[in-house]
Amino acid sequence: MARPWRARSWGALAGLRARPDKFGGMSVDLAELRRPLRLERAAFGRWLRGAVARWREEGRVAVWLRVPILQSGFVAAAASQGFAFHHAEQGSSTLTLWLGEGPSRLPGYATHQLGVAGAVLDESTGKVLVVQDRNRTINAWKFPGGLSNPGEDIDTAVREVFEETGIKSEFKSILSVRQQHEHPGAFGKSDMYIVCRLEPSSFDISFCQQECLRCEWMALDEVARTKQATPITSNVAKLLLYGYREGFDKIDITMREFPAVYPGLFYKLYHRELPESYRNIT
């Protein structure tokens, strides 16, 4: 395993270690600074300028600089040398500097938020769970749901439905995916909104008073016809009605889990169900 590249002079005294990555870049984390509040920003700037010059000579293509929020005073020194913000999280920001030829080829940070909703269908009655949001100008019927948290899978729709309505359910399939760019509710970024088919395991509603104005089991064909539903709810209700009457295999996008190329990690693949004879082709 490669040893970390050790910073020199001021950087070494301050505890900084620049680490090479497999893509030809260098990473520096200011969380490693010893006594950061006592360090001079000008001294950091001089160290950084010398380090960047060495990395250019070595043929490095980029520098990643992570700055904890309490060390934000060092950002100006980096910005004066061409560093720019790449992304920020709750407790830190990350800046980058492209050293390679031509325009930067560094990947952008995440540009989408993921929303999920659950179309919870009680097949014994033909009714589906719908809500009206409390904080909306127009109180239209919709499927319960919300934003997926980092690290959650699409079937987190089960969690969202329970938190909003008190109804427990099981993930069955994906029904639809909506893509929208420049979404006002996503800070102008892009939004993916996925509606899942869920099967209920409880039926007594206890909805969240802070989020929902109303919640009820409504006949599926009524949701498909009413003018009081959001457009996506109306269209997915029609799709769900088709599956309810003709067979869910005609509409379901199901999930299978596979090992990822990264050791110890797995991913979930969503697609139309394959016949057994095709699934087992070798």
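1. A residue is called buried when its relative accessible area is under 20%, exposed when that area is over 50%, and partly exposed in between, using a 1.4 Å probe and protein chains only. By this rule Ala-43, Phe-44, Gly-45, Trp-47, Leu-48, Ala-51, Val-52 and Trp-55 are buried in helix H2.

2. Please keep in mind that this is a predicted model, in which local features need pLDDT of at least 70 and side-chain atom pairs count only at pLDDT 80 or more, while totals for chains, interfaces and linings use all residues. Residues are numbered from 1 along each chain as its sequence is written, and side-chain values use heavy atoms, with hydrogens and water left out.

3. Helices (H or I, at least four residues) and strands (E, at least two) are DSSP runs numbered from the N terminus. Helix H2 covers residues 41-58, and its 18 residues should span 26 Å at 1.5 Å a residue, which agrees with the 26 Å between its end C-alpha atoms; the expected span is 1.5 Å times one less than the number of residues. After H2 comes Gly-59, whose phi is positive, near 85°.

4. Strands S2 (residues 17-20) and S3 (residues 25-29) run antiparallel and are joined by 2 bridges, where pairing requires that DSSP finds at least two bridges between two strands. Pro-20 stands opposite Met-26 in S3. The two strands form a hairpin with 4 residues between them, and Gly-24 in the turn has a positive phi of about 90°.

5. Glu-160 lies in helix H4 (residues 157-165), and it counts as buried because its relative accessibility is 8%. Leaving aside residues up to four places away in sequence, Glu-160 touches Val-116, Gly-145, Gly-146 and Leu-147, contact meaning heavy atoms within 4.5 Å.
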